[in-house]
Amino acid sequence: MTSAHAENPQNKQQHSGDIPVEELEKAVNEAFNSTMDSLKNLVSIPGIAWPSFDPNELDRSAEAVSSLVQAAGMPDVRILRCNKADGTPGGPAVVARRPAADGKPTILLYAHHDVQPPGNRDLWTSEPFVAEERDGRLYGRGAADDKAGIMAHLAAYSAVSEVLGEKFGLGVTFFFEGEEEAGSPTFRTFLEEHQELLRSDVIVVADSSNWKVGVPALTTSLRGLVDGTFEVRVLDHAVHSGMFGGPVLDAPTLLSRLIATLHDDDGNVAVAGLVGRDDVVVDLTEEDYRADASVLDGVRLAGSGTIGSRLWTKPALSIIGMDVPAVDVASNTLIPAARAKFSMRLAPGQDPEAAMDALKNHVESRAPFGAKVTFTPGERGNAFSTDTTSSAARVALWALEQSWGVQPVEMGIGGSIPFIADLLEMYPDVQILVTGVEDPDSRAHSANESLHIGDFRHAVLAEALMLARLNAEGLGA
């Protein structure tokens, strides 16, 4: 399912002769300093869609993106939003549409302008919302995830518009979401309300990664996702740990014992009923994985099977938060209740509802010492796999090889983009491509997030080539 692929040299020569590769590369390069300046300006805006952050900054981010889309020459640029289930407004999306000429397909270019919170400032080498270039990389929150995706789309579109002029008849829609990092709570509603506005033949989701610096990739599979919380309660209220400690164990201890049942002694997920396979073709070495994931020396890797299967085609279960007293404010009491938040990634082919039920049954049936366990389900998202024999995928792989000059990799990604399932349900005939500008050291969501500037330039050119070839040959390419 996961394999390396590129078109053969004969096909490469055939198509490069039909597309103005050198002219497009020149246009991308001449505008690249301006592209970088625009990206830096976007990084300076802390647009975070979480309720605890200033919504005015998110609005400012949408306005800045809207101005860039207008400057690229797109007509009819709109800032749109829908309400959440509780009636509060969702994040502002920037949408613009250029109709297709007769006989030409329409391509929708997706990215998101909202970003993750910066986290602990002390972990950053530079200010999170001040873009800084160091050693060939651009540092700052959103520099890679996903404001670079926005700028790759805009810069590619501008280059093709400049080079092809009136010959550019491809329909193009920009859809820059404003709440992806908050779980896209109004995405489905947004699609339903604007189904015709967003209708297209090809969708490019620029929110993934490349294989490594200097080697591009097309993401062919994404894991699904379920998350939620479970709470362990043993007392009605806190009591003195000296006066009452011994006959009853505190909630954090019992929560820890319950968490320990989620994996076997080798580190495999021990929840019964989950789908998993060990059938990847392209694989990571343990050395590369350790370097990319910053694994400390002496730490044994978890799970069995290939590294690739553990990342892409098997479930992974993480505890990403716990509600227990912080060490600095802990009192000498038996804690009555403790809660953990889980994030479980699902292999392609796994039904999210079945996975949620399996985890619920697991924790409720293993309540330690008879403690009361309360399971609260959260978000659910389907896995994704693409058909790399589709016409759009073949064009994308050709464009990646043309731009980077090396064979692209078709690879799985351990992460999830749950809204892709909504896109496929609303538009069942659409061809979806998942691309990206990140690399294994981009550290998206973490401190010192960064973008490799050289690969970013390649990504812009690759998308320009893809647009130009789809314009010339349509989906019969």
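1. Ground rules. Residue numbers start from 1 along each chain as its sequence is written. Because the model is predicted, local features need pLDDT of at least 70 and side-chain atom pairs count only at pLDDT 80 or more, while totals for chains, interfaces and linings use all residues, and side-chain values use heavy atoms, with hydrogens and water left out.

2. The annotated stretch. An unreviewed UniProt entry carries the annotation "domain: Peptidase M20 dimerisation" for residues 222-368; its positions follow the numbering used here, feature names are shortened, and annotations may be inferred rather than shown by experiment. Over residues 222-368 the chain is 29% helix and 22% strand, with the end C-alpha atoms 34 Å apart. Helices (H or I, at least four residues) and strands (E, at least two) are DSSP runs, numbered from the N terminus.

3. Strand β8. Strands pair if DSSP finds at least two bridges between them. With β16 (residues 409-413), β8 pairs in the parallel sense over five bridges, and there Thr-219 stands opposite Met-411. With β15 (residues 384-385), β8 runs antiparallel, joined by two bridges; here Ser-221 faces Ser-385.

4. Helices α2 and α5. The axes (lines fitted to C-alpha atoms over the stretch in contact) of α2 (residues 21-30) and α5 (residues 147-164) come within 9 Å and cross at roughly 125°, on a scale from 0 to 180 degrees between N-to-C directions. That makes the pair oblique, the class left over once angles under 35 degrees (roughly parallel), over 145 (roughly antiparallel) and 65 to 115 (roughly perpendicular) are set aside. The contact (heavy atoms within 4.5 Å) involves residues including Leu-24 and Val-28 of α2 and Val-160 and Val-163 of α5.

5. A cis peptide. Most residues other than glycine have a negative phi, and most peptide bonds are trans. Asp-145 and Asp-146, however, are joined by a cis peptide bond, omega about 10°. Asp-146 sits in the loop between β5 (137-139) and α5.

6. Two positive phi values. Ser-294, in the loop between α9 (286-293) and α10 (307-312), has phi near 55°. Ser-294 counts as exposed (over 50%) at 58% relative accessibility. Phi of Phe-369 is also near 55°; Phe-369 lies in the loop between α11 (352-365) and β14 (372-381) and is exposed, with a relative accessible area of 65%.

Technical notes. Buried means under 20% relative accessible area, exposed over 50%, partly exposed in between (1.4 Å probe, protein chains only).
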